[in-house]
Structure formats: structure tokens, C-alpha cells
Amino acid sequence: MDCLFLLPIFAGISLLVLLVQCFGPQTYRFVSQKISNMRGYEAVPVEDDEEPEAPPAPKTYMPSEGLAKDFMKRVRDVGVVAWTFDFFRLLLVMTLLALSIYATVVAHAPALHGHPGENQNKGFDESGTDIFEALRKKGGKKHRKNRKAKFDFVTQEWIEFGTTVFYAYNLVLCAILLGLKAGSSIRKIISLHLHLILFLAWLVFAYRDLYPLLTRKLTPVDVLHAPAWLTWTRLSLLTVTAAVIPALQPRRYFELLAPRSIINSNSQSDQNEAPVQPQNRAPWFLSRFIPERESRIEPHITLTFAQSADGKIAGPGGKQVALSGKESMLMTHWMRSMHDAIMIGIGTAANDDPRLNVRLLPQAYQSETPQPIVLDPQLRLSPTARMLQALHDETTPHAKNPWLLCQKIQDWDQDIRKRKAALEQAGARIIEHDMPGGRMDLSLLPTLLRSLNVRSVMVEGGASIIDQFLVTTCNDETGQQRPLADCVIVTVAPSNIGDEGVAYGAGKGLQAIKSTFKGIYAERFGQDSVLVFQP
Ligand SMILES: NC(=O)C1=CN([C@@H]2O[C@H](COP(=O)(O)OP(=O)(O)OC[C@H]3O[C@@H](n4cnc5c(N)ncnc54)[C@H](O)[C@@H]3O)[C@@H](O)[C@H]2O)C=CC1
Ligand SMILES: Nc1nc(O)c(N)c(N[C@@H]2O[C@H](COP(=O)(O)O)[C@@H](O)[C@H]2O)n1
């Protein structure tokens, strides 16, 4: 079999794998949710007069600023240079596709070279490149009468047709890539597929046409079937597409080579300090405990917070304290960027007025801002909260409309309804949930997250939320009980707050974590120790 037949096979395998990678986890989640719903109905009989739960409100996206501006924003997110490389690759693949169509037609025109086999020893007849003449003959009256003959491809025609299909598939992937968000998992997957199959195609062509040049007896295979200029043009373009572009295209993590600017951008007082390197480790350190988005099937829950050496998370009266140093704070922002959502209790939202964004990361990562979720049973969040104001601030274009999880609305008085209207007006999305006694049963959180299409959440406190996450369990896929949090990441600062500070875990601090989770890792970030616990 001719090894060029491998090209459409590569495209077919890539398409299948791509479909599994893109839709496999969703399908699994959908099926397992249906199964757990069915199980739930068996265990808890639904009362007759119970209202069926309303479907979740449609997703709120950042408002469009017009096609041109949205497009420029997307290009800036990906990086102008990286995007230009992608665009250049699209043009090259388009040219390769056109040349393959041309080669198919050449192979289809017997006037040019007859059956490929006939030319095997003498090479392609360069004088016969009047393709239009050849086509005219091929598509003549006699030929049209016999429709069947039109599809009567010889091997060489099938080979070129397969190559055309291969490039058409690559062209579709290149075009999709141009429109995808920076850092999205689907962008990473498609990019990997493109790199891999184009490189494999290059290997096949190199074996056919370059390897013979190193021998004394062999002739480049494709020169036997097509004009030499066509063979060498295709090989050169493919070399640029499959080898030069992937080698030269800037990668996102390159920016980490300039850590000093990232760290100092936020603080004047750091100017005279010696350069520090450890923050470079943050994404790699965290990736050991926080799975990649595309590999998540069940929602991943990370519980995280900072504490003083004496186990306090805030000062007297709940006063917010900057416990994390700049290195561990940067690590926390990396952690935020690695989750779909970030969740806090309304106590923290009211007390700290947090922004919950990734502002310490380089520009290219700003689009990785997680979805803010506030557990706010009575809708106490202020409509002027910073996370709502950010929606109307030009300097924070990636701010996401916060979701407020509140109790079901039927018994609500006029005041709460007014607050709801004001919060919605300010950009919040209100999600109602059963909260008997004003508390949501947190063991149902994975189910709720699945229904909201959230694959991972970083829970950032405060005290009451931390306490609940340390003791709540839920069912895993096999029905076994397991801790709700998949991992607990604690930044321990080398300072004491004193007895008046806000404690967690009934005052036991790290001991409370250790009773359920095993300490598995400790890493220094600047002056702070970051401890990781898993069940
Ligand atoms: N050092 C750190 O890393 C952090 C420190 N903090 C500190 O924590 C303090 C705030 O802690 P808290 O007052 O305990 O507030 P919190 O943030 O834990 O929120 C408590 C409120 O959330 C709601 N809530 C709690 N559990 C719920 C449930 N299961 N279902 C529905 N709603 C629920 C209730 O309304 C409750 O009053 C602040 O002083 C803040 O500075 C907060 C976050 C991180
Ligand atoms: N990692 C960490 N270190 C500290 O020292 C902290 N005080 C906190 N607090 C959490 O971060 C929120 C503030 O977020 P923004 O900086 O405004 O984005 C605060 O509400 C706490 O959840 N965390």
C-alpha cells in the first residue's frame, strides 16, 4: 500500500480522538447526572405539591462590543505574534489544499501521463502540463455519457484525493483555532492535533521524497507522478507548516521568563529587593493537584485560604489581613486561573469586598478569570460591590457576571425582591437553590456545579465556609462517601495574629484539616509555606 494513504487515516483518527476529547467528559457527566437523578428519586420521594425545580437561567456572557472590537480583543488575548503564526499556517494549509486539488486533477488527466504505472521509470512528462486541455479531453462527451467512468479513479487519483481530504481537515482545524479563546482547553487540544498530524504528514513526505536523495538508486516517489515543481513546492510548504511554525511560534509560558516585572507591577516597596524566582514554579506546582480542564469528569473542588502561624485567617473583628506574601499571592492568582469558578461566602464578600480576579498574572492570562460564585442566601451582596463594578470598568474587560446562590424565592418579602432587582440590574445572576434553614446542603454542590457546567471550583473562604468544607462529604461515582474537597491548599504566613483573630476548624486550625486529609506536600513561596492536603 502507498504510504500516502496514511494521511487520510491520520485525519480520521485525529477526528475521532478530537470528538472523544471534546464530548466524552460531557457525555459521561450527562449520563452520570441522569443516573444520579434516578437514584435520587428512588431514595427521596418527591412530594405531590412540590414545584419542579426551574431550569438554570441561560449563561450570561460578557456583552459584545461589536465584531471588530471583539475580534481584536481575541487577537490580543492570544498574542498578536502567536495569532499571526496561526493565520500564516492557515494560508499555507490553504495553498497545500489547492495544490493537492491540482495534483488530483493532474493525476485524473490521462492525457498528461496516462496510468501512473506507465511513468514509473521515466518520470513525469513536464511537457504535458496543459491541464485544461487534458481536462477537456477527460470531460468530453463520451466520458460524460458514462457517469460511472467519472468515479473510476486509479490508485494515484485516490492517493491525491486522500491527501486533499487530509489538508481540508487541517484547514478546518486552522480556521477553528483562529476564533478560539486564549488558553481554552479546546484550543490546546486542536493545536496539539494540528502539530501532530502535520508533522506525521511531513515525515511521510520526507520518507518518499527526501530520503531517496540520500541514496544512489532511489528516485523521489512523487516526482514520478507529478511535475517536479509541484512536488518540491508542496514539500517546502509542508516543512514550513509542520516544522518551522511549531518551532518558532511563541508559547504562552514564555512570559514567565520575566517574573520580576509581574511581581513588582503591584507594589512600589519591592523596588529594591533582590530578584525572586520561586513564582515560576506556581503553575507546575499546582498542576500536580489541580487536574487539566479537559481531563475533568466530576467537578474538582479545591478549598484554599491563607492563615497565620497561629492558625488565624483574619484579624480581630474579622478585619481583613494581608497574610500572603507577594510570591504566594501570585501563586493564589495562578490557582484562580486554573479553575472554572471561585466561590466565597457572603460574610467574606461583605467584609473584604474582594475582586476575585487574576490581576497579578501577565496580560495574556487575564481572560482566565474564574466565574465568581457567592453563597448569599438572603441576597445581602451590595450592588456596588467591586466584583459588580468591575463589569462596567474598561480596565477589567474579563470580569464575569457574579452568580449569587440564594434560597428559593417563594416566601420572599418586598425588600428581598427589591435587592434582587438591584443586583440583577448591576449584573449579578441570581440562582435559587433549596436552602432549608438558610443553608445549602453542600454535599449537593457537585450536582449543582454539573448542572451549571462548572468543571472546577476554588473555594476561598471565609471561616464558616471553610469549616463546612472540612467536614462535608459527598458520594463519589461508585456511591462511596468521600470528602467534598478534592484538595486543601493552605498558605501559612510566618506571622502571628493573636487570640483575638478569626480562627477556623473550631480553633484547631491545621489539626482540623489533618483529621480528614493527609498532608502530602509543602513548598516554600517566598517567606510562606504552602501546604497541600488530599483525602
Ligand atoms: N485568610 C483567608 O484566606 C481568608 C480570610 N477570610 C476572612 O473570613 C472572614 C469571613 O468569614 P465568615 O464571616 O465566616 O463568612 P463566610 O465568607 O464564611 O460567609 C458566611 C455566610 O455565608 C453564607 N453561608 C455559609 N454557609 C452556607 C451554606 N451552606 N449555604 C448557604 N449559605 C451559606 C451564610 O449567609 C453565612 O452567613 C473575614 O474576616 C475574611 O477576611 C475570608 C476568606 C479567605
Ligand atoms: N491567599 C490569600 N491571602 C491573604 O492574605 C488573604 N487575605 C486572602 N484573602 C482572600 O482573598 C480575597 C481578596 O481577593 P482580591 O485580592 O480582592 O481579589 C479575600 O476576600 C479572601 O477570600 N487570600
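In this tour, a residue is near a molecule or strand if one of its heavy atoms lies within 4 Å of it. The model is predicted, and local features need pLDDT of at least 70, side-chain atom pairs count only at pLDDT 80 or more, and totals for chains, interfaces and linings use all residues. Residues are numbered from 1 along each chain as its sequence is written, chains are lettered from A and ligands numbered from 1 in the order in which they are written, and side-chain values use heavy atoms, with hydrogens and water left out.

**First stop: ligand 1**

Select ligand 1 and display the residues around it. There are 26 of them, and A306, G318, T348, M440 and Q468 come nearest. By class, this shell holds 13 nonpolar, 10 polar and 3 charged residues. Here Ala, Val, Leu, Ile, Met, Phe, Trp, Tyr, Cys and Pro count as nonpolar, Asp, Glu, Lys and Arg as charged, and the others, Gly among them, as polar.

Next, look for polar contacts. A polar contact is a pair of N or O atoms within 3.5 Å; within protein, one must be able to donate a hydrogen and the other to accept it, and residues adjacent in sequence count only if both atoms are side-chain atoms. Which distance separates a backbone N or O atom of G318 from an oxygen atom of ligand 1? The distance is 2.7 Å. A backbone N or O atom of G347 lies 3.1 Å from an oxygen atom of ligand 1, and a polar backbone atom of S464 is 2.9 Å from an oxygen atom of this ligand. Of the 860 Å² of accessible area that ligand 1 has on its own, the protein covers 84%. Such areas come from the Shrake-Rupley method with a 1.4 Å probe; for residues, only the protein chains shown count as cover.

Now colour by secondary structure. Helices (H or I, at least four residues) and strands (E, at least two) are DSSP runs, numbered from the N terminus. The elements that give two or more residues to the shell around ligand 1 are β1 (300-307), β2 (312-314), α15 (346-352) and α19 (463-471). The largest share, 5 residues, comes from α15.

**Second stop: ligand 2**

Move to ligand 2. Of the 17 residues around this ligand, L323, S324, R336, R355 and R359 come nearest. The shell divides into 7 nonpolar, 5 polar and 5 charged residues.

Show the side chains of D352 and E460. An N or O atom in the side chain of D352 is 3.0 Å from an oxygen atom of ligand 2, and for the side chain of E460 the corresponding distance is 3.0 Å. R355 takes part through its backbone, with an N or O atom 2.8 Å from an oxygen atom of ligand 2. The protein covers 89% of the 520 Å² of accessible area that ligand 2 has on its own. Two or more residues of the shell come from each of α14 (326-337) and α15, and α14 gives the most, with 3 residues.

**Third stop: the annotated segments**

Select residues 6-24, 80-103, 158-180 and 192-208, where an unreviewed UniProt entry places the feature "transmembrane region". UniProt positions are given in the numbering used here, feature names are shortened, and annotations may be inferred rather than shown by experiment. Residues 6-24 are 100% helix and 0% strand, with end C-alpha atoms 26 Å apart. Residues 192-208 are likewise 100% helix and 0% strand, and their end C-alpha atoms are 25 Å apart.

**Fourth stop: single residues**

Select R187, which is found in helix α10 (residues 185-210). Is R187 buried or exposed? R187 is buried, with a relative accessible area of 11%; buried means under 20% relative accessible area, exposed over 50%, and partly exposed in between (1.4 Å probe, protein chains only). Leaving aside neighbours within four places in sequence, R187 is in contact (heavy atoms within 4.5 Å) with V78, D86, L177, L180, K181 and A182.

Finally, select S456 in strand β7 (residues 456-459). S456 counts as buried, at 0% relative accessibility, and its side chain reaches the backbone nitrogen of D340 at 2.9 Å.

**Last view: the entire protein**

Zoom out. The protein has 20 helices and 13 strands, and buried residues make up 47% of its 535 residues.
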